[in-house]
Amino acid sequence: MSANSDVANAEKEILERVTVLEKEASPASAKELQTLVWNENKTISKAARTALYQLKLAGIEPEADGSGAPHKATTPPEPVFTAYLTNVAGNGNQMLVFIEDEPYGGSPKF
């Protein structure tokens, strides 16, 4: 039971820190709240989002330095090509067909 009480105490301390940061109402506190938004604990994350929203309504934005929310790189997938080669015909001809798959589904391009 000691571990549960330690977790509860840590959560309570962080929630108190969120209320203090909201009362400070500075760009630095907004930046710290922005990092708390990504906490795994739903209660802490929700409290930080709410406080950040209240600061935003008051006209206080976090300092923009490029950090904060983790961004995923959204590069399109590499095109996938499939090639088919026919058997050699009687006259010695062969046909080679290239097909490009659509990256997000759909009909392939010939």
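This is a predicted model: local features need pLDDT of at least 70, side-chain atom pairs count only at pLDDT 80 or more; totals for chains, interfaces and linings use all residues.

Student: How many helices and strands are in the chain?

Tutor: Helices (H or I, at least four residues) and strands (E, at least two) are DSSP runs, numbered from the N terminus. The chain has three helices and two strands. From the N terminus on, they run α-α-α-β-β.

Student: What does arginine 17 form a salt bridge with?

Tutor: A salt bridge is a side-chain nitrogen of Lys or Arg within 4 Å of a carboxyl oxygen of Asp or Glu. Here arginine 17 pairs with glutamate 32, and the closest N and O atoms are 3.1 Å apart. The pair links distant parts of the chain: arginine 17 sits in helix H1 and glutamate 32 in helix H2, 15 residues apart. Glutamate 32 is partly exposed, with a relative accessible area of 31%. A search of the whole structure finds one salt bridge.

Student: Which residues make up the largest nonpolar core?

Tutor: In soluble globular proteins, nonpolar side chains tend to be buried together. A nonpolar core is a set of buried Ala, Val, Leu, Ile, Met, Phe, Trp, Tyr and Cys residues joined through side-chain atoms within 4.5 Å. The largest one here has eleven residues: Val18, Leu21, Ala30, Leu33, Leu36, Val37, Ala48, Ala51, Leu52, Leu55 and Ile60. Helix H1 (2-24), helix H2 (27-36) and helix H3 (42-57) each give two or more residues to this core. H3 gives the most, with four.

Student: What does leucine 33 touch?

Tutor: Contact means heavy atoms within 4.5 Å. Not counting residues up to four places away in sequence, leucine 33 touches Val18, Leu21, Glu22, Ala48, Ala51, Leu52 and Leu55.

Student: Is glutamate 24 buried, exposed or partly exposed?

Tutor: Glutamate 24 counts as partly exposed, at 43% relative accessibility. Glutamate 24 lies in helix H1. Leaving aside neighbours within four places in sequence, glutamate 24 is in contact with Arg17 and Ser29.

Student: What share of the chain is buried?

Tutor: Buried residues make up 15% of the 110 residues.

Conventions:
Residues are numbered from 1 along each chain as its sequence is written. Side-chain values use heavy atoms; hydrogens and water are left out. Buried means under 20% relative accessible area, exposed over 50%, partly exposed in between (1.4 Å probe, protein chains only).
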